Amino acid sequence: MTAAAYLRCFAGIARREALRFVHQRGRFLSALVRPLVWLAIFAAGFRFVLGVSISPPYETYVLYETYIAPGLLGMILLFQGMQSSLSMVYDREVGSMRVLLTSPLPRWWLLFSKLLAGVLVGVLQCYVFLALARFWEVEPPALGYLAALPALVLAGMMLGALGLLLSSWIKQLENFAGVMNFVIFPMFFASSALYPLWRVREASLPLYWACMANPFTHAVELVRFALYLRFDPLSFAVVSVALLAFGALAVLGYDPQRGMLARRTAAA
Amino acid sequence: MPLPLTPLRAAALALALAAGPARAELVLVSNEKDNTVTALDGATLRVLRTVPVGERPRGIALSRDGRHLYVCAGDSDRVEVLDLETWQVVRHLPAGSDPELAALHPDGRRLFVANEDDNMVTVVDVERGVVLNEIPVGVEPEGMGISPDGRYVVNTSETTNMAHVIEADTGAVTANVLVGARPRAAVWDADGKRFWVSAEIGGTLTVVETGTWRAAATVSFAVPGVPPEAIQPVGMALSRDGARLFVALGPANRVAVVDTRSLAVERYLLVGQRVWNLALSPDGSRLYTTNGVSNDLSVIDTAGLRVVRSVPVGQAPWGVVVRP
């Protein structure tokens, strides 16, 4: 199999994702409205609460809006990851996934292409959000926008891989509500997205450790540090390991011979 | 632990160096509760030294040659002269009871000192170390602003709610202008045609015209998410081009940026808690703020109007001056 074939395969999957994205403008808008609601309404109520202590990567006091912006970028990537997992379930139900999996290219490449294509859409949403966030005085250094790109891609891949893994478990489209309740909400709230971890630690030590164990926390911190031109090795390590783990499990899960797909087919 | 992202940091540093001239300024901060003065390097914001001074140091002023710092040590009832080369207090100036704030006349000799609990402005000759004059003013004198030509000294009295315009040479009070409640600082425009008075309780600025001594306008503040009673304007600093006035808003933890022509508030910048006093760097590119409750100093980039950093200093930092 040549590199050209791999690329053609990626281009095909990416075009399909892009088409989905173009045709579902409502989905793009809602993906933006969600974090903007948090920024404009939720953050406004908390303006006077935070800003008592300086925590890295910030070198001075920041408004709550500035604090939660990286968390909301994480939220965009998290929803995008889950949404692409939703689309996997849909693809499987209508049969296009089976067509895709009959491709002579290795399965991991198909899943990786699917993942990357979804992440690129998510990253685009992130930059649109960052541009709008300037109206709320969320103004990281200019170079930070560039430095955040690899962090956003890596974080997006990790969350997307988690989505892929989940999608191999979900039997039907209707079960997506369960993903919302059992994955998205706990991951988002038990993280550093909305409040700094030193605050969480003061409130509850077990919750603090739950946040520290949550890969979403590290995805958010990786993006937060990168936006302010800093590199957080711990976050990088956790996000990378989580990406490899979720990715490997997803590849297994989509193995028709041994994976969860096989078990399900047998059951049905 | 976070590490600096070296190439990017280097690039950012290179940009910063290319954008502005190198700084070698010294930032001096009085720490009201520590009885010390902290000296920081303006370029790195590193604390160079902490020097013990008299009790409750608040207002500080530089000598004209930049060699000495006059420190109002209120509870020691004196103004101390700190030598900025030997870092020793070399002299005490008689300055009446409870000196809170001092301003040096452009002649470099006369220091005008507000005596908070004595309702007096004391004029001290800094060379001979003698009191030249004692001028009775309102209750709790505080702010002190000298016109650019050196003709007038404006003193504010916190309890009388007035700005007293004093002839610098005779000590005669020319006018008493009613301003906002609990007036604090007084700052003159560079052309001397008007001066600004901040009112801590009133939450406003009053603009007073020279000559007629009328309150020509007031500026009010409103910070989203901050209760109005927390907005307490105190220290002020005019930008070098005179287009902007920076106003410390106390427990609102913000510095307001006021357009001096339209009198509109352009922006509120978040700094440390209970920001009290302000000082500009000699080139006007940076504004330093003392944050009395969070015990730190914030630095504002005046071109980009953004707070760059906050660094810890002593306890209850109060006054700040910058030596080139």
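This is a predicted model: local features need pLDDT of at least 70, side-chain atom pairs count only at pLDDT 80 or more; totals for chains, interfaces and linings use all residues.
How many of the 268 residues in chain A are buried? The share is 43%.

**Chain A as a whole**

- Reading along the sequence of chain A, you get the pattern α-α-α-α-α-α-α-α-α-α-β-α-α.
- Its C-alpha trace covers about 55 × 35 × 35 Å along the principal axes.
- A compact globule of 268 residues would have a radius of gyration near 18 Å, and the 19 Å of chain A agrees with that.
- Take the contacts in chain A between residues at least 6 apart in sequence, and 78% of them join residues at least 24 apart.

**Spans from the UniProt record**

- The unreviewed UniProt entry lists several stretches of chain A under "transmembrane region", including residues 67–90 and 142–166.
- In the model, residues 67–90 of chain A are 100% helix and 0% strand, with the end C-alpha atoms 36 Å apart.
- Residues 142–166 of chain A are likewise 100% helix and 0% strand, and their end C-alpha atoms also sit 36 Å apart.

**Helix H2 of chain A**

- Helix H2 of chain A runs over residues 25–45, which makes 21 residues.
- From first C-alpha to last, H2 of chain A reaches 30 Å, close to the 30 Å expected at 1.5 Å a residue.
- There is still a bend of about 25 degrees in H2(A), at A:Leu39.
- A:Leu39 is also one of the buried residues of H2(A), along with A:Ala31, A:Pro35 and A:Ala43.
- What do the buried residues of H2(A) pack against? Their partners are helix H3 (64–94) and helix H5 (107–133) of chain A.
- Further along, the loop between H2 and H3 of chain A holds A:Pro57, and a cis peptide bond with omega of about 5 degrees joins A:Pro56 and A:Pro57.

**Chain B as a whole**

- The radius of gyration of chain B is 19 Å, close to the 20 Å that the globule rule gives for 324 residues, so chain B is as compact as a globular protein of that length.
- Along the principal axes, the C-alpha trace of chain B spans about 60 × 45 × 30 Å.
- Buried residues account for 51% of the 324 in chain B.
- Of the contacts in chain B with a separation of 6 or more, 42% come from residues 24 or more positions apart.

**The nonpolar core**

- The largest nonpolar core has 161 residues.
- Among the residues with the most contacts inside that core are A:Ala155 and A:Val223 from chain A, plus B:Ala102 and B:Val255 from chain B.
- Neighbours within four places in sequence aside, A:Ala155 is in contact with A:Gly74, A:Leu77, A:Ala219, A:Leu222, A:Val223 and A:Val239.

**A buried arginine in chain B**

- Is B:Arg254 buried or exposed? B:Arg254 is buried, because 24 other C-beta atoms lie within 10 Å.
- You'll find B:Arg254 in strand E23 (residues 254–259) of chain B.
- Setting aside residues up to four places away in sequence, B:Arg254 touches B:Val223, B:Leu249, B:Tyr268, B:Leu269, B:Leu270 and B:Val271.
- B:Gly242 is 12 residues from B:Arg254 in sequence, and their C-alpha atoms are 20 Å apart.

- A:Glu139 sits in the loop between H5 and helix H6 (142–169) of chain A.
- A:Glu139 has 15 C-beta neighbours inside 10 Å, so it counts as partly exposed.
- Apart from neighbours within four places in sequence, A:Glu139 is in contact with A:Arg134 and B:Arg306.
- A:Ala69 is 70 residues from A:Glu139 along the chain, yet their C-alpha atoms are separated by 9.9 Å.

**Two leucines with positive phi**

- B:Leu263 isn't a glycine, but has a positive phi of about 65 degrees.
- That leucine, B:Leu263, is in the loop between E23 and strand E24 (265–270) of chain B, and it counts as partly exposed, with 15 C-beta neighbours inside 10 Å.
- B:Leu305, not a glycine either, has a positive phi of about 50 degrees.
- The loop between strand E27 (296–301) and strand E28 (306–312) of chain B is the place of B:Leu305, which is partly exposed with 17 C-beta neighbours inside 10 Å.

Notes:
Residues are numbered from 1 along each chain as its sequence is written. Chains are lettered from A and ligands numbered from 1 in the order in which they are written. A nonpolar core is a set of buried Ala, Val, Leu, Ile, Met, Phe, Trp, Tyr and Cys residues joined through C-beta atoms within 7 Å. A residue is buried if 20 or more other C-beta atoms lie within 10 Å of its own, exposed if 12 or fewer, and partly exposed in between; C-beta atoms are placed from the backbone. Two residues are in contact if their C-beta atoms, placed from the backbone, lie within 7 Å. UniProt positions are given in the numbering used here, feature names are shortened, and annotations may be inferred rather than shown by experiment. Helices (H or I, at least four residues) and strands (E, at least two) are DSSP runs, numbered from the N terminus. The radius of gyration is taken over C-alpha atoms; the globule rule is 2.2 Å times the number of residues to the power 0.38. The expected span of a helix is 1.5 Å times one less than its number of residues. The bend at a residue is the angle between axes fitted to the seven residues ending there and the seven starting there.
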